[in-house]
Amino acid sequence: MKRLKIALLQLTPCGSLDNNLEKGIQSCRQAKKMEADIALFPEMWSCGYDIYARPAHEWMEDAVSADSSFVDSFRYLAEELDMAIGITLLEKYKDGARNTLILFDRHGGKKLTYAKVHTCDFSVERNLTPGEAFYVTDLDTVQGTVKVGAMICYDREFPESARILMLQGAELILVPNACPMEINRLSQLRARAYENMLAVATCNYPENVPDCNGGSTFFDGVAYLPDEAGSRDMCILEADGREGIYIAELDLEQLRDYRKSEVHGNAYRHPQKYGILTDAKVDEPFIREDYRR
């Protein structure tokens, strides 16, 4: 297998659904020219994550359905470009809305619909409906099939998110994002890749978007190589703050060989000792009601 190329679309939103659609289409076309196999948008691209400066009843009106013309446009585009596309949206869902990623394969097939499980309930995202589970799919790309899962932004702060995806066989996790990517959040992404022996691709908004700073990243999950002394830097790409399309390359054969021989992931777990992790309620050591990200 050749190297799998993932385009991180670190874009500035345009203030309307139609304009975001047009810019998103043009950006995917550019990613294809850059030989991308997968294109990933930042969190909630349909509305540019514009949910903080307005009351909830107002931004809820911006929600679009999973079978809307906005979403279908990327379905058709994926087939036209022969490229997988991970489009993000404020999804109209039942009587409310969800923070959602929909992944289309290069044939235009809908392979994954993931709604953010760990919504930021300490803030305005408390108005959203959380997702129910984490999913993994076999994604057909020009370079071959890869097992793909998804997290969204705050999901990364819970080790269980990536661990569940790893246990379902994920080799690559797509992470749409909308927050400042500082050293501690970057370290979380690095840790998720290291401890689960999988690749993590994160796409953020650029620094000209409020409360964001670019810094889209790709960690390939391979910490050691047989012919190298010591550990290696798994960070294959870290974008600066500017708007742009950033291409990360994943050597999937190298990752698969590494997973066969290394000691992390599912190799030496003791799940029979992790009972507290499945308790519905445990005493919280602290609660910060005034916490703002």
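Trainee: Where does aspartate 233 lie?
Mentor: This is a predicted model, so local features need pLDDT of at least 70, side-chain atom pairs count only at pLDDT 80 or more, and totals for chains, interfaces and linings use all residues. Residues are numbered from 1 along each chain as its sequence is written, and side-chain values use heavy atoms, with hydrogens and water left out. Strands are DSSP runs of E, at least two residues, and helices are runs of H or I, at least four, both numbered from the N terminus. Aspartate 233 is in the loop between strand 10 (217–219) and strand 11 (235–238).

Trainee: Which side chain makes a polar contact with the side chain of aspartate 233?
Mentor: A polar contact is a pair of N or O atoms within 3.5 Å; within protein, one must be able to donate a hydrogen and the other to accept it, and residues adjacent in sequence count only if both atoms are side-chain atoms. The aspartate 233 side chain also reaches the backbone nitrogen of cysteine 235 at 2.9 Å. Its side-chain partner, at 3.0 Å, is arginine 190.

Trainee: Now aspartate 37. What is the nearest side chain of opposite charge?
Mentor: Aspartate 37 sits in the loop between helix 1 (17–33) and strand 2 (38–40). Lys and Arg count as positive, Asp and Glu as negative; His and the chain ends are not counted. A salt bridge needs a side-chain nitrogen of Lys or Arg within 4 Å of a carboxyl oxygen of Asp or Glu. Aspartate 37 is buried and has no salt bridge; at 6.0 Å, the nearest opposite charge is on lysine 32.

Trainee: Which side chain does a polar contact of 3.4 Å join to aspartate 37?
Mentor: Aspartate 37 touches Arg3 and Met83, among others. Touching is contact, meaning heavy atoms within 4.5 Å. The polar partner is glutamine 143.

Trainee: Why is strand 9 described as largely enclosed?
Mentor: Ala199, Ala201 and Cys203 point one way, Val200 and Thr202 the other, and all are buried. So the rest of the structure largely encloses strand 9: its buried residues number five of the five.

Trainee: What is the bridge partner of leucine 174 in strand 9?
Mentor: Strand 8 (residues 172–176) runs parallel to strand 9, with five bridges joining them. Two strands pair if DSSP finds at least two bridges. The partner of leucine 174 is alanine 201.

Key:
Buried means under 20% relative accessible area, exposed over 50%, partly exposed in between (1.4 Å probe, protein chains only). Lists of a residue's contacts leave out its neighbours within four places in sequence.
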